[in-house]
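Hi everyone, thanks for coming. Let me put the structure up, and then I'll walk you through it.

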Amino acid sequence: MNVASILSTKGHDVITEKSTTLLSDICTTLAEHKIGAIVIADDAGHIEGIISERDIVKAIGTSGPTALEKPVSEVMTKSVVTCTDADSVNAVMAKMSAGRFRHVPVTDDGKVTGVISIGDVVKFKIAQAEMEAEQMRSYISMT
Ligand code: AMP
């Protein structure tokens with residue numbers, strides 16, 4: 001099973017912001033959409049960074065509340081690990097585990113087309129386990 005199968009259920013909606021957006025406005029967007037991270041992209045949709053709630057907590061913890069007046073470019077992670085539609089779900093899990101992050105943007109031709117979160121992966125894995133258990137039950141009942 002691959003990333004495309006998660007996106008076919010979840011959809012390709014991606015919330016992006018510009019690198020000049022203030023951290024306070026990033027917080028508003030995170031809260032409005034009930035998400036934990038936002039991809040920072042240029043006008044053409046090319047990824048410039050990613051900002052997660054952890055980065056914001058760290059910035060406030062280090063600089064105090066004035067950190068919220070900074071542009072996101074000063075706080076975001078600039079080296080972003082991505083995946084493609086064709087990557088397996090297990091490969092994305094391995095990327096999250098190795099990099100210790102919970103969000104992986106999906107790209108096509110350098111542009112962001114979706115985001116996979118650890119919650120999406122867990123939901124997918126539970127559905128897969130339930131389907132396999134059901135298949136096993138029906139196989140046993142036929143034999
Ligand atoms: P998260 O677990 O997603 O809240 O992110 C934890 C840290 O990893 C934060 O510093 C994020 O900016 C960073 N991060 C999140 N996703 C990625 C990613 N796909 N590639 C690189 N860094 C990331």
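I'll begin with the whole chain, then turn to the sheet, a pair of helices and a single residue.

A word on the source: this is a predicted model, in which local features need pLDDT of at least 70, side-chain atom pairs count only at pLDDT 80 or more, and totals for chains, interfaces and linings use all residues. Residues are numbered from 1 along each chain as its sequence is written, and side-chain values use heavy atoms, with hydrogens and water left out.

So, the overview. The chain has five helices and five strands; helices (H or I, at least four residues) and strands (E, at least two) are DSSP runs numbered from the N terminus. Starting at the N terminus, the order is α-β-α-β-β-α-α-β-β-α. Along the principal axes, the C-alpha atoms fill a box of roughly 65 × 35 × 30 Å. Of the 143 residues in the chain, 32% are buried, meaning under 20% relative accessible area with a 1.4 Å probe, protein chains only.

Now the sheet. Three strands make an open sheet, ordered β1-β2-β3, with mixed pairing; two strands pair if DSSP finds at least two bridges between them. At the edges are β1 (16-17) and β3 (47-52), each pairing on one side only. Strand β2 (residues 37-41) runs antiparallel to β3, and five bridges join them. Within that pair, Ala41 sits opposite Ile47 of β3.

Next, two helices. Helix α4 (residues 89-99) and helix α5 (residues 118-142) have axes that come within 11 Å and cross at roughly 140°. Here axes are lines fitted to C-alpha atoms, for helices over the stretch in contact, and angles run from 0 to 180 degrees between N-to-C directions. Their contact involves Val89, Asn90, Met93 and Met96 from α4, together with Ile118, Val121, Phe124 and Lys125 from α5; contact means heavy atoms within 4.5 Å. By type, the residues of this contact of α4 with α5 are six nonpolar, one polar and one charged. For those classes, Ala, Val, Leu, Ile, Met, Phe, Trp, Tyr, Cys and Pro count as nonpolar, Asp, Glu, Lys and Arg as charged, and the others, Gly among them, as polar.

Is Ser117 buried or exposed? Ser117 counts as buried, because its relative accessibility is 17%. Ser117 belongs to strand β5 (residues 111-117). Setting aside neighbours within four places in sequence, Ser117 is in contact with Lys10, Met96, Arg102 and His103. That's my tour, thank you!

How values were computed: Buried means under 20% relative accessible area, exposed over 50%, partly exposed in between (1.4 Å probe, protein chains only).
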